[in-house]
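Hello,

Here is the structure I promised to pass on to you. Have a look at it first, and then read my notes below.

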Amino acid sequence: MNMRKLGSLEVSCMGLGCLPMVGYYGGGPRDRKAMVSLIRTAFEQGITFFDTAEVYGPYLSEEFVGEALAPVRDRVVIATKFGFGVEEGQPAALNSHPDHIRRAVDGSLKRLKTDYIDLLYQHRPDPRVPIEDVAGTMKDLVQAGKIKHWGLSEASAHTIRRAHAVHPVTAVQSEYALWWREPEARIFPTLEALGIGFVPYCPTGRSFLAGAVNPSQRFDNTDRRHNLPRFQPDALRKNMALLEFTQAWARRKNSTPVQFALAWLMAQRPWIVPIPGTTQYPHLIENIGGQTVQLTDSERREIETGLASITIEGGRADPFTESQFD
């Protein structure tokens with residue numbers, strides 16, 4: 001695969017998001033053997049960047065990643081996250097107290113079967129803990145050799161700058177896709193100025209841009225989309241215009257809609273590395289194919305004009321989740 005830089009960290013131009021493997025979108029946790037095999041296949045196909053978190057499961061995703069990548073540990077980049085009270089039995093509560101961070105990191109190292117983490121994110125900013133204290137803890141962990149790089153997720157430009165002033169931030173993760181583009185105005189100028197990479201999660205709109213969701217669909221409460229405003233029936237009906245737009249462009253580029261959506265993301269900046277998640281081999285191969293879709297400057301301008309004419313209905317998150325964004 002093509003390679004890209006997140007700050008000074010070199011990774012494949014897209015990574016593998018390992019959250020869906022724990023049943024985030026329904027169906028319960030996937031078979032361990034199958035997920036370990038999928039992760040190894042991703043590596044064999046050229047992916048070197050794998051994204052997980054202690055709260056995914058909890059713990060299960062990290063275990064999958066650790067088992068799958070142990071034989072090739074020195075050839076991959078593993079990213080994981082702290083920031084929720086998993087260690088204290090409160091996985092929905094924010095917790096970035098330094099003592100908690102150290103316990104979380106030790107647990108992640110054990111599950112990942114490694115003695116260092118390539119990229120450690122704060123999963124969500126904790127308003128009770130100054131970001132300077134978090135950054136100081138990251139600096140200590142770097143000096144101890146437990147982590148190589150650190151990053152933030154769903155952080156504001158102000159928080160990013162404060163954190164970076166204490167210890168350089170390598171990457172920032174946030175939702176970003178054809179139907180959610182606020183990072184462009186809110187944090188891209190700061191990332192560019194500071195030389196920080198950007199890692200979009202949900203780059204294909206939680207399968208919406210794949211055409212896997214329709215307005216008649218109903219999600220049970222085991223599926224993360226069940227209470228997201230953007231996935232309610234009325235909103236989905238109005239948002240079909242974006243799917244049709246994406247499908248039309250995919251036909252023009254002789255690609256699938258997913259490949260077009262990923263190619264568009266990577267065309268926005270050279271320091272963007274999306275992490276589409278999947279639990280299925282055919283989808284993995286399809287995602288990887290997105291790197292071969294090239295968009296000219298004139299096509300990008302045409303796409304921009306088309307997107308400006310489409311209004312997206314519904315927020316991207318439920319109120320509780322929104323309350324945890326910075």
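**Notes on the backbone, the helices and the cysteines**

Let me begin with Lys113, which sits in the loop between helix 3 and strand 8 (117-122). Its phi is near 55°, a positive value in a residue that is not glycine. Please keep in mind that this is a predicted model.

Arg206 also has a positive phi, of about 50°, and is not a glycine either. You will find Arg206 in the loop between strand 11 (197-201) and helix 8 (233-252). Arg206 is buried, with a relative accessible area of 11%. As background, most residues other than glycine have a negative phi, and most peptide bonds are trans.

Pro58 lies in the loop between strand 4 and helix 2.

From there you can move on to helix 2 itself. Helix 2 (residues 60-69) packs with helix 1 (residues 32-44) at an angle of about 55°, and their axes are 8 Å apart. The two helices are therefore oblique to each other, and their crossing is right-handed. On the helix 1 side, the contact is made by Arg32, Met35, Val36, Ile39 and Arg40. Helix 2 contributes Leu60, Glu63, Phe64, Val65, Glu67, Ala68 and Leu69. Sorted by class, this contact has eight nonpolar residues, four charged ones and no polar ones.

How many of the ten residues of helix 2 are buried? Eight are, so helix 2 is largely enclosed by the rest of the structure. The buried residues are Leu60, Ser61, Glu62, Phe64, Val65, Gly66, Ala68 and Leu69. They pack against helix 1, strand 4 (49-51), strand 5 (77-82) and helix 3 (98-111).

Finally, the cysteines. There are zero disulfides in the structure.

Enjoy exploring it, and write back with any questions.

Best wishes

How values were computed: Residues numbered from 1 in each chain as written. Predicted model: local features only at pLDDT ≥ 70, side-chain atom pairs only at ≥ 80, totals over all residues. Heavy atoms only, no water. Disulfide = S-S within 2.5 Å. Axes fitted to C-alpha atoms, helices over the stretch in contact; angles between N-to-C directions. Helix = DSSP H or I, 4+ residues; strand = E, 2+ residues; numbered from the N terminus. Parallel < 35°, antiparallel > 145°, perpendicular 65-115°, else oblique. Left-handed = near helix turned anticlockwise from the far one by under 90°. Contact = heavy atoms within 4.5 Å. Nonpolar A, V, L, I, M, F, W, Y, C, P; charged D, E, K, R; others polar. Buried < 20%, exposed > 50% of the residue type's maximum accessible area, 1.4 Å probe, protein only.
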